[in-house]
Amino acid sequence: MDRVIKFIKSYGVGILLTAGSILLVSLLHWLGVFDILELKTYDYRFNTVRGPLTGWRAADSSIIKLGTNVVLVEVDDEAYRLMPYEWPYPRGKVWGKVVRNLYKAGAKVIVFDIQFDAPDRYSETVDKFIDGMAGEFKDIVQLKPRHGDYVFGDAIAEAKAYGTKVVLSTKMVKEPNRIPPEYVSRPVPAIMKGGPDTGLINDLMDPDGFSRQYAIYGQMEHKPDKYYLTLGLKAVKAYLDIPDTALTYFDQKELICRYGPFRIKTHGFGNSFLVNYYGPPSGYKYPSEENLPPWGTFPRYSLAYVYDTEDVELRDPEEDIDWMSQFIPGDIPEWVQAIEDSTERQEMIDLLGLGSEFDITTSPFYNKIVIIGVAVEVIHDTKYTPFYNYMGKQQLTPGMETHANAIQTILHGNYLNVVGGRIMNLFHDYPFSHTLLVTLLSVIAFSLLMFVNPVIAGILVFIEGLVYFGIGCGLFVNDLLWFPKVLLSAVLPNTFVLEHMDWFKSALPGIGESTVIPIVAPLAGIIVTYTSNVIYRFLNEQKDKKFLKNTFGTYISPELIERMYEEKQEPKLGGVAGYHTAFFSDIQSFSSFSEVLEPEKMVSLMNEYLTEMTTILLNRRGTLDKYIGDSIVAFYGAPVPVENHEYQACMTALEMGAKLEELRRKWRSEEEWPEIVHNMQHRIGIGSGKIVTGNMGSTMRMNYTMMGDMVNIASRLESSAKQYGVYIQVAESTYKAVKDQFEWRFLDYVRVKGKKVPVRVYELLAEKGKLDEQNERAVAAFHAAQELYFEQKWDLALEAFKEAEKLEVMFPGRNTNPSTVYIARCEYLKENPPGEDWDGVWTLTAK
């Protein structure tokens, strides 16, 4: 139970933030905020990850072996240039003939992605002209040709009689002022007399204007129970001879629309499905690839060549080769008849199957669904599809090819397996599985943050996102190793990759093997989870740092507080024992200052002095305990450890002495301070040992301070320094730790007042190698005299200390020096010998 409580305290807020992130991302996903980005990742999977399923650029796959059931006949640039008529082409002379050519060439279904909802313009113009001439030439009416719509209708009826079905385009139109406002715009009655089938061609565009979905049927508001099948479905119906009695049924549980033998996987609870586009526009090729064939997603032929038989004259005689005649039984093209050598001519007839044993199965249109539409750019019947940016080249797909891709998707049953059934427009049927994916990735991101610091977690979270993105792409091509293969192929030598291309190149997915999972929303879950938790941690850290600064800001430097937090070394309140260094400083003869200075001047002087000294203390990572009047009480090594704290304390003492000399020069220059200020000196005592630090006091008021025997010793060293005339007195424990880094004078083996155990004490003079010559000579002479002193050779010691005294540096305020002290002591011990068992200890009788 305790572990659970501890876990909740540590990670409770993070768990709530993660849960909030999941809910927020799911809400935004539900509202469609990520739809556009999701659709772009969807397109990326088509045009970059997978590529074409058919055409000469596609890799070998089971789908290529199956082949396509659709052939395109395009009104392309070539047709625009070669056709003997201007657009729109006359229906009787062009479309009627095209229908006859195609059914003779074995086409099973002919689909027009062209609307014929208005009378034939060519026939109307001719009729109007002849009617206008009837007043002058009465017999001219007899020359009026049969209306093109009737000729076209007859061709459709003729094709139907030969077993080829024709499907024409209709469109559902909405006019607000009409009653009822919706109706289906059909081909003109003259054409409909031929008995064609019809299908809707209403576009179903995504929010970004791309065509990714294909409608199965349409409905009108005033006839909700009547389904109008789309052009693609009607083409499939005609191709497979599905009876008119076949019903369309939507299975909401399985998200499947049943029609005849088909189970169409719908895009959510709707009447559409995602088209599994087979490739880029069939007729496109790079300008740099003029010698290569077009991409050929579907077989495609220019309308000019399908129209071209021996009774047709194209605009360019050199290109008028009667191309279509080779696929029509009994029609021998003029270019074959023009072969002079009879043997060669017969061989060509036999080769083309134009003889008595003509093989209709050699026709490219045999048993195919032939879609006739417009591909020339000036007519603007083009669509944005997932292959719009294929190979970095922006290209629009002719509208007729969206029908071709939809038809082929249905015939192959090559539907996309969409996790949750829908990738966009989730407002009315939000898939819970998407939230599960968001939750999974968000929990992983939070778990990473639990165990490592935010920087490393950020790197791992980025890798998590890449892995998920790789999985999403891999599922689309049915190869979970897709992403590793891409990474390895980018870093490994090209020669190695080419040698092992069979492994590096992912095979194209087979029928129904492409799975689509949402990518953007789960990645957004990762980002929001990571960001919210990191922001919370940052704010919490700032709060903790503020607490530390409020608690310890007056004691230690801001840098030390930062380190306390970064190293997670929280101070343990209530008293913690450790090895630390105590530091005491005090102004010499401070009581004299108050006698000559006004209170305001005194406060100003002390503020300036204490500010400078405290700055040095904090810069040296010391902890300020308190101010006691002019005294500074501090320690090193708490509340966080400080390396070489003995060294830091000694450097603090030396730097304080140097700073005080600067202040004295400043005060002398200001001329407002009395002489006592000009000569201000301070004494410092330093000792290292076992010290207890922590918040101590009452429950109402506490102070972070120190206690311990070494604290008392350091305090005594500061106060007793005046007896020796020195300004920095250091205990032996500190001296041993840093003796090689500074210049020292061994002062005494002394028992300070109030203590029974004697200690060796030292005067700190300077950093190693920085002691001036006079002091160096004075210390050497002093140590030589000391040796005589401890040998109880009092007369010799007296003489030696007198010589050392001459070398001592004296200045205003320094009333004595160690040599002078030892002279008096030698005289006393000479009169009062300590005895042969004397240990050299001197007991101080004053603090």
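Mentor: With a definition: two strands pair if DSSP finds at least two bridges between them. Keep in mind that this is a predicted model.

Trainee: How many bridges join strand β10 to β11?

Mentor: Strands of a sheet pair through backbone hydrogen bonds, either parallel or antiparallel. Here β10 (residues 256-259) and β11 run antiparallel and are joined by four bridges. Within that pairing, Arg-258 stands opposite Arg-263 in β11, and Cys-257 stands opposite Ile-264.

Trainee: What lies between β10 and β11?

Mentor: Two residues separate them, and the two strands form a hairpin. Gly-260, in the turn, has a positive phi of about 55 degrees.

Trainee: Which strands form the open sheet, and in what order?

Mentor: The order is β9-β10-β11, with antiparallel pairing. β9 (248-251) and β11 (262-265) are the edge strands; each has a single partner strand, so one side of each lacks a neighbour in the sheet. On average, neighbouring strands of this sheet are turned by 25 degrees against each other, direction ignored.

Trainee: Which side chains of β11 point to one face, and which to the other?

Mentor: In a regular strand the side chains alternate between the two faces of the sheet. Along β11, Phe-262 and Ile-264 point to one face and are buried.

Trainee: What does Ile-264 touch?

Mentor: Leaving out residues up to four places away in sequence, Ile-264 touches Ile-216, Leu-233, Leu-255, Ile-256, Cys-257, Phe-273, Ile-410 and Tyr-415. In the largest nonpolar core, which has 69 residues, Ile-264 is one of those that touch the most other members, along with Phe-273, Ile-369 and Ile-371. Another core, of 43 residues, lies apart from it and includes Val-71, Leu-82, Val-94 and Phe-365.

Trainee: How many helices and strands does the chain have?

Mentor: There are 29 helices and 27 strands. Of the 847 residues in the chain, 50% are buried. Among contacts with a separation of 6 or more, 70% involve residues 24 or more positions apart. The chain exposes about 41100 Å², and carbon and sulfur atoms supply 55% of that area.

Conventions:
Residues numbered from 1 in each chain as written. Predicted model: local features only at pLDDT ≥ 70, side-chain atom pairs only at ≥ 80, totals over all residues. Heavy atoms only, no water. Core = buried A, V, L, I, M, F, W, Y, C linked by side-chain atoms within 4.5 Å. Buried < 20%, exposed > 50% of the residue type's maximum accessible area, 1.4 Å probe, protein only. Contact = heavy atoms within 4.5 Å. Axes fitted to C-alpha atoms, helices over the stretch in contact; angles between N-to-C directions. Areas by Shrake-Rupley, 256 points an atom, 1.4 Å probe, with all protein chains shown as cover.
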